[in-house]
Amino acid sequence: MQNDTTAATQQPPIKLASLKKTFRLFRYVKPYWAQFALGLLFLLVSSLAGLALPKLLGNLVDPKSSEQLFKGMNLAGVLLVAVLVGQSVFSFFRIILFVNVTERTLATLRQTVYSHLIKLPMKFFLERRVGELSSRISSDISLLQETFTTTLAEFIRQMIIIIGGVVILLITSPGLTAFMLATLPAMMVAAVFFGKFIRRFSKQVQEQVAAANTVVEETLQGILNVKAFANEFFEIARYRKRTNEAARTGMKGGKYRGAFSSFIILGIFGALVAVIWRGVAMGMPTSALLSFVLYSLFIGGSVAGLAEVYTNLQKSIGATEHLLEILDEPAEDITPVTTIAPENQLDGQISFRDISFHYPSRPDLTIMDSVSFDVYADQKVALVGPSGAGKSTIVSLLLRLYDPVSGHILFDGKDSKSFPLSELRSQMAVVPQDVFLFGDTIAENIAYGKPDATVAEMEAAARQANAWEFIQRFPLGLDTVVGERGIQLSGGQRQRIAIARAVLKNPRILILDEATSALDSESEKLVQDALDKLMEGRTSLVIAHRLATVRQADKIIVLDKGRIVEEGTHNELIGLDGLYRTLSDMQFAS
Ligand SMILES: Nc1ncnc2c1ncn2[C@@H]1O[C@H](COP(=O)(O)OP(=O)(O)OP(=O)(O)O)[C@@H](O)[C@H]1O
């Protein structure tokens with residue numbers, strides 16, 4: 001982020017390139033081009049009509065106007081009313097059209113960005129925070145909304161007024177126009193100069209606000225931890241610091257914005273007084289002078305408005321850059337899985353061959369060093385080892401959340417990369433330590449393993465997972481809402497929901513990350529029993545924290561500091577008198 005800001009401020013003005021980037025987003029407007037074009041036409045008509053106003057007002061105050069009649073009424077007055085009515089009607093429809101196009105476009109854009117975001121590899125998420133990413137989709141896109149609905153229209157309207165106004169003024173009095181215009185270029189240059197300057201501040205404020213929001217999101221998500229650690233005041237101070245920083249940057253930017261607008265006010269009104277003064281001196285009739293002053297005001301207002309447009313445009317270029325940054329990230333090759341091609345169906349045999357690995361975010365830290373092992377189809381293999389040994393990393397590699405730095409992972413003897421990613425993952429299921437429940441019904445949470453599951457299937461899965469008994473005790477049964485808005489489930493209950501999910505998914509390879517937190521013995525028995533049933537007839541890889549549960553495993557792989565140090569059955573490993581024996585003695589001693 002920081003680099004991005006520095007790069008943006010240090011770069012020479014690449015306005016055209018940035019603008020071109022923004023235009024890439026017009027791709028999303030394409031399907032609605034007809035409505036958009038009609039809106040533009042209406043905008044053109046209402047802006048041109050607006051351009052006639054000063055002239056007609058001048059005519060109205062002309063003493064001769066009462067002699068020019070239209071069906072007995074003052075012609076200039078009638079024309080003025082007609083222009084106003086026309087302008088309001090066209091504006092009305094123009095706004096409706098633009099808003100329609102914008103809403104649809106932004107919905108598509110939101111969907112596109114989200115669809116892309118969720119397909120990005122884990123590597124991407126390691127480097128970013130959730131708050132920052134969700135603000136990309138919320139605030140950056142809202143910023144574009146303003147650009148599409150208001151800024152663009154304002155820009156076109158202002159350009160018409162400036163160009164049309166200047167042409168009309170030149171026809172009226174080239175001398176006075178030249179005099180008036182002498183102040184404008186200076187203002188334009190100032191607008192560009194200031195606009196660029198202000199861009200830096202608004203971008204910084206945007207980023208600092210996003211950083212502050214991250215504190216809110218993270219602390220609300222982890223509110224239990226905040227409270228348990230009595231860290232409310234620490235968080236308040238953290239949030240205060242970030243929001244104050246944003247405010248300070250905003251205020252600094254505000255000073256320049258203020259100076260900018262004072263400059264424009266002084267410039268425009270100073271110029272107006274000078275123009276009237278000079279017009280009077282040139283003997284211009286009052287009606288013509290009124291028109292002239294009104295045009296000058298319109299032009300001056302539009303020039304000042306252009307600066308605003310410029311700043312908005314800069315802001316939305318910033319937002320676009322952020323969005324394109326996400327869209328330009330290469331996504332994982334994820335496709336909807338309906339059926340699995342016979343050649344991609346897993347038999348359940350897994351081999352790690354000389355796997356070395358480090359996380360993309362920490363290239364200096366070797367996590368896995370030449371790890372090789374085999375798991376045969378339908379075997380139950382346990383991964384044990386001290387904390388940080390690399391057990392979860394093996395699971396991540398198996399799921400291809402990351403690719404190994406060197407070595408190969410084989411499924412049934414075939415390189416894991418030769419399988420379509422989604423088909424591979426769809427044949428594996430994970431029952432994690434910390435079960436994440438969506439804030440929805442129990443049914444939806446179970447069906448996460450198979451979104452088109454019927455109620456009967458869900459019930460059967462819940463029964464197999466030993467979860468049905470507690471689910472049916474809730475008055476709403478499967479329709480009970482859990483999570484943030486609903487009831488909180490106990491650790492054992494959450495795990496059984498996760499097991500039901502896995503039952504529904506019916507995976508070829510099952511990965512169990514055993515809960516470290518001890519469940520009460522009743523719950524533990526229910527969970528273990530459900531897991532035993534689930535493991536039947538499939539390859540299972542169990543990350544075991546309590547060694548008592550892995551005695552029956554066909555094979556136990558003992559990891560330490562990213563290397564396999566022992567491998568064998570419980571009895572073999574106990575006989576070895578190595579790390580497994582030590583870990584085992586430690587656990588049973590406690
Ligand atoms: N996303 C990550 N980025 C960088 N390093 C990581 C990441 N995840 C894990 N690590 C590091 O990789 C090493 C192995 O971690 P891993 O989670 O695989 O261990 P583990 O054996 O599963 O530990 P535990 O039993 O505590 O869950 C640790 O040193 C850890 O700090």
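**Reading the helices and the sheet**

Q: Why are α3 and α4 called roughly antiparallel to each other?

A: The axes of helix α3 (residues 33-61) and helix α4 (residues 75-119) cross at roughly 155 degrees. Angles under 35 degrees count as roughly parallel, over 145 as roughly antiparallel, 65 to 115 as roughly perpendicular and the rest as oblique. The crossing angle is therefore in the roughly antiparallel class. Axes here are lines fitted to C-alpha atoms, for helices over the stretch in contact, with angles from 0 to 180 degrees between N-to-C directions. The two axes come within 8 Å.

This is a predicted model, where local features need pLDDT of at least 70 and side-chain atom pairs count only at pLDDT 80 or more, while totals for chains, interfaces and linings use all residues. Residues are numbered from 1 along each chain as its sequence is written.

Q: In which hand does α3 pass α4, and what does the contact hold by class?

A: The crossing is left-handed, a term for a near helix turned anticlockwise from the far one by less than a right angle (right-handed if clockwise). The contact of α3 with α4 has 20 nonpolar, 10 polar and 1 charged residues. Nonpolar covers Ala, Val, Leu, Ile, Met, Phe, Trp, Tyr, Cys and Pro, charged covers Asp, Glu, Lys and Arg, and the others, Gly among them, are polar.

Q: What makes Asp 354 count as exposed and Asn 466 as buried?

A: A residue is buried if 20 or more other C-beta atoms, placed from the backbone, lie within 10 Å of its own, exposed if 12 or fewer, and partly exposed in between. Asp 354 has 12 such neighbours, so it counts as exposed. Asn 466 has 23, so it counts as buried. Asp 354 sits in strand β3 (residues 350-357), and Asn 466 in the loop between α15 (455-464) and α16 (468-471). Phi is positive in each, near 50 degrees for Asp 354 and near 55 degrees for Asn 466.

Q: How do you know that helix α17 has close to the expected reach?

A: Helices (H or I, at least four residues) and strands (E, at least two) are DSSP runs, numbered from the N terminus. The expected span is 1.5 Å times one less than the number of residues. Helix α17 (residues 491-505) has 15 residues and reaches 21 Å from first C-alpha to last, close to the 21 Å expected. Of those 15 residues, 13 are buried, and Asn 506, which follows α17, has a positive phi near 50 degrees.

Q: What makes both faces of β10 covered?

A: In a regular strand the side chains alternate between the two faces of the sheet. In β10, Thr 539, Leu 541 and Ile 543 on one side are buried, as are Ser 540 and Val 542 on the other.

Q: Why are β8 and β12 called edge strands?

A: The open, mixed sheet runs in the order β8-β9-β10-β5-β11-β12. Strands β8 (428-431) and β12 (563-568) each pair on one side only.

Note on methods. Two strands pair if DSSP finds at least two bridges between them.
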